[in-house]
Amino acid sequence: MSGNSAESGGSVDVVLVKGGRTKIRYAAELLSDDGTRIAVRAPWAGDAVRDFGFVRFEAGDVFTEYYWRDRWYAVKEVRDRTGALKGWYCDITRPATLSGGELVVEDLDLDLWRSADGTDVRRLDEDEFEESGLAERDPAAAAAAVTALDELEALAGAEGGLESLLE
């Protein structure tokens, strides 16, 4: 494990930062940390149901979340209260950092959804990404974000693609 890794079985606070401000903070169980990939599990942290039209996140849902210190995305496996797989929600982010019990991730607006059966793969929030001005402020980060979204979309369309990241 790297110097900024944590022991599995404990807890961490996941801190999602957007536009320089904390968007959400929630407690999660640390499942594993191999020095590169960090896995946590947490219940839906939203205050209310979030209905996207193609999926609903609600009380009782459980997210098993995978973050990387060397990749520009996070992959979240979403299951309902009975354990049935809803799908995967992927955030395009800067590489994660874990320090002092905080897993900090900067959200770069782009997202990807893949349904449990793989028939629905969709890019999300490209308009928000454009409006964020990241391409002007930090062209390298914007390019890395778009590349990460393209990579995840290709994996989401391949048999076992996203799942291969989580093994």
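1. Buried residues make up 41% of the 167 residues in the protein. Buried here means under 20% relative accessible area, exposed means over 50%, and partly exposed is in between (1.4 Å probe, protein chains only). This is a predicted model, in which local features need pLDDT of at least 70 and side-chain atom pairs count only at pLDDT 80 or more, while totals for chains, interfaces and linings use all residues. Residues are numbered from 1 along each chain as its sequence is written, and side-chain values use heavy atoms, with hydrogens and water left out.

2. Overall fold. The protein has four helices and eleven strands. Both are DSSP runs numbered from the N terminus: helices are H or I with at least four residues, strands are E with at least two. The radius of gyration is 15 Å, close to the 15 Å that the globule rule gives for 167 residues, so the protein is as compact as a globular protein of that length. That radius is taken over C-alpha atoms, and the rule is 2.2 Å times the number of residues to the power 0.38. The C-alpha trace spans about 40 × 35 × 30 Å along its principal axes.

3. Contacts. Take the contacts between residues at least 6 apart in sequence: 45% of them join residues at least 24 apart. A contact means heavy atoms within 4.5 Å.

4. Aromatic rings. A search of the whole structure finds ten aromatic pairs. Rings of Phe, Tyr and Trp (its six-membered ring) pair if their centres lie within 6.5 Å; planes under 30 degrees apart are stacked, over 60 edge-to-face, and the rest tilted. Phe52 and Tyr89 form a tilted pair, 5.8 Å centre to centre with 35° between the planes. This pair links distant parts of the chain, 37 residues apart: Phe52 is in the loop between strands S4 (50-51) and S5 (56-57), and Tyr89 is in strand S8 (residues 85-93). Phe52 is partly exposed at 23% relative accessibility, whereas Tyr89 is buried at 9%.

5. Pro95. This residue sits in the loop between S8 and strand S9 (97-99). Its relative accessibility is 26%, so Pro95 counts as partly exposed. Leaving aside residues up to four places away in sequence, Pro95 touches Trp68, Arg69, Asp70, Arg71 and Trp72. Asp70 is 25 residues from Pro95 in sequence, yet 5.5 Å away in space, C-alpha to C-alpha.

6. Positive phi at two Asp residues. Asp109 has phi near 80°, a positive value in a residue other than glycine. Asp109 is in strand S10 (residues 102-115) and is buried at 9% relative accessibility. Asp125 has a positive phi of about 65° and is not a glycine either. Asp125 lies in the loop between strand S11 (121-124) and helix H1 (126-132), and is partly exposed at 24%.

7. Ala154. Where is Ala154 found? Ala154 lies in helix H3 (residues 139-157). Ala154 counts as exposed, at 51% relative accessibility. Its C-alpha atom is separated by 9.7 Å from that of Val121, 33 residues apart along the chain.
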